[in-house]
Amino acid sequence: MAISTEQIDSWIAGRIKEDEITKYTRDGKDFIREEEIEQKLESNQNPDSKKVKDILDKSLSVENLTPDEAAVLIHVTDPQLLELMKETALKVKKKVYDNRIVTFAPLYMGNYCVNNCAYCGFKSENADVKRKVLSKQEIIKEIEVLAGKIGHKRLVVVYGEHPRNDIDYIISSIKTIYDVKVKTKHGFGSIRRVNVNAPAFSINDLRKLREVGLGTYQVFQETYHHKTYACIHPEQTIKGNYRWRLYCMHRAFEAGIDDVGIGALFGFYDWKFEVMGLLYHALELEKRFGIGPHTISFPRLEPALNTSLNGFSRYRVSDKDFMKIILAVRLAIPFTGMIITARESAQIRREAISMGVTQTDASTKIGIGGYSENSGRQDKQKQQFILGDTRSLDEVIREFARMGCITSFCTAGYRCGRTGKRIMDLLRSGEEGKFCKFNAVLTFKEWLDDFASKETRIAAVPVLEKEIKEIKETLPEVFPRFKEYYARIENGERDIYI
Ligand code: SAM
Ligand code: SF4
């Protein structure tokens, strides 16, 4: 159905609710206090090793760091201290997440967009990109591949900002996804957790989103630096309003969504400033709502069709600095999940996981309708950017197993009400680990039986044996129940968890 320019203009005009920004600002200011951040970065340069070691000791007790402490770690360049940071980050990750990795697939649902972000292939003035919104039948076809052939249980669904893919479309598309069940070798496959990467919504729209049963609501600030933000997001667009975006997680909490994901797109401004911005954001959410972000994403800017950002090339993040970003975030905000995506190469993802990252995608296709088309090549005109790692889920899981990691397909958390403050408290007390370990083994077994290649099943044996032994030794009270559930999975029962 055609939508006139007038209709689009009037839709845009109704999006931003000023009172849903001003209710959160203080004295007309937001919580990204740039001068303060710059001052902290300035005054914590060249840290001495005693100071760094004291901060790392604090990190080991799995507490948030202060902005000053984070600024110290950000400036470490000494190779020995960096090595110590690496070891500590891994210990912190192990304490909170053990050796579990979560995998997901992104699913691009609609790439119509009224915004004109300078870096994105979906920007409104890019006439060469093929625009599409998936129909119900097309969504079902995508899920049949994702859940029925590859074996994904978690998705992040991605939408541009446009009346064609507005909140009502988003709600109905998520319902469609949850409804698909596909027969597999021994049971059935389905998507059990839909995370949403979508525009910054109003409280009203966010209430609708909560009702459909989403996993995490993700919105990245892109850059926390106000002036830089203004350079890449034209003022007259919705996304051009820095504070509308900055406060969208505040609105999410107010709408009852307590599982949120923040992020920055690295490459527009000094990475050190952006890490501080992420920390300020996390601390602000904890202070106001008692819960920090469930996940943090830190993508690096990738080339995209008809975009040119040469002016920002001095802020391009090197691989070395990228690892520092990961270390600083893991150490400063220990409870947060950290996501690395297939934008990065296999080698970088491997290193990132050994330093603190907890979630990653695999078998990724970011062209709209890409999973069912399965062309095996990347299509510039349909994609937002070009991927660095196109390995299959089976290959990625095999590699994790060889690294001693278990891939968890557990999606019990939000379905049992273990989200927000409850999950944070459980993580802090170490209790969540019990549920996670138990469910990780069950869901991993489920996936292996239905989808793994012979090679991957062989690689998984030592990991499974080790996990089962640990459950027996450390959780003797749940072991009989675990054994019963495990046998039921072997007999083809699916989606059982505690
Ligand atoms: N339209 C929504 C928005 O802008 O928040 C959600 C979808 S948008 C496609 C999802 C994310 O893709 C953005 O938040 C941005 O961080 C990332 N992105 C856009 N262009 C990119 C590029 N060239 N390289 C890497 N990431 C990019
Ligand atoms: Fe649209 Fe999001 Fe791309 Fe900006 S980043 S042009 S809002 S899809």
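This is a predicted model: local features need pLDDT of at least 70, side-chain atom pairs count only at pLDDT 80 or more; totals for chains, interfaces and linings use all residues.
Local features need pLDDT of at least 70 and side-chain atom pairs count only at pLDDT 80 or more, while totals for chains, interfaces and linings use all residues. Residues are numbered from 1 along each chain as its sequence is written, chains are lettered from A and ligands numbered from 1 in the order in which they are written, and side-chain values use heavy atoms, with hydrogens and water left out.

**Helix pair H8 and H9**

- H8 covers residues 167-179 and H9 covers residues 203-211; helices here are DSSP runs (H or I, at least four residues), numbered from the N terminus.
- Their axes sit 10 Å apart at an angle of about 10 degrees, where axes are lines fitted to C-alpha atoms over the stretch in contact and angles run from 0 to 180 degrees between N-to-C directions.
- H8 and H9 are therefore roughly parallel (angles under 35 degrees).
- From H8, Ile 167, Asp 168, Ile 170, Ile 171 and Ile 174 meet Asp 205, Lys 208 and Leu 209 of H9 (contact means heavy atoms within 4.5 Å).
- That contact splits into five nonpolar, no polar and three charged residues; Ala, Val, Leu, Ile, Met, Phe, Trp, Tyr, Cys and Pro count as nonpolar, Asp, Glu, Lys and Arg as charged, and the others, Gly among them, as polar.

**Around ligand 2**

- Cys 113, Asn 115, Cys 117, Cys 120, Phe 122, Lys 123, Gly 160 and Lys 239 surround ligand 2 (a heavy atom within 4 Å).
- Sorted by class, this shell has four nonpolar, two polar and two charged residues.

**Leu 81**

- Leu 81 belongs to helix H6 (residues 79-97) and counts as buried at 9% relative accessibility (under 20% relative accessible area is buried, over 50% exposed, in between partly exposed; 1.4 Å probe, protein chains only).
- Not counting residues up to four places away in sequence, Leu 81 touches Ser 49, Val 52, Lys 53 and Val 76.

**Glu 490**

- Glu 490 is in helix H22 (residues 479-490) and is partly exposed, with a relative accessible area of 46%.
- Glu 446 is 44 residues away from Glu 490 in sequence, yet their C-alpha atoms are 7.7 Å apart.
- Leaving aside neighbours within four places in sequence, Glu 490 contacts Lys 445 and Asp 449.

**Asn 241**

- Asn 241 is in the loop between helix H10 (226-232) and helix H11 (242-246).
- The Asn 241 side chain reaches the backbone nitrogen of Trp 244 at 3.0 Å.
- Beyond neighbours within four places in sequence, Asn 241 is in contact with Ile 16, Glu 18, Ile 21 and Tyr 229.

Methods: Helices (H or I, at least four residues) and strands (E, at least two) are DSSP runs, numbered from the N terminus. Angles under 35 degrees count as roughly parallel, over 145 as roughly antiparallel, 65 to 115 as roughly perpendicular and the rest as oblique. A polar contact is a pair of N or O atoms within 3.5 Å; within protein, one must be able to donate a hydrogen and the other to accept it, and residues adjacent in sequence count only if both atoms are side-chain atoms.
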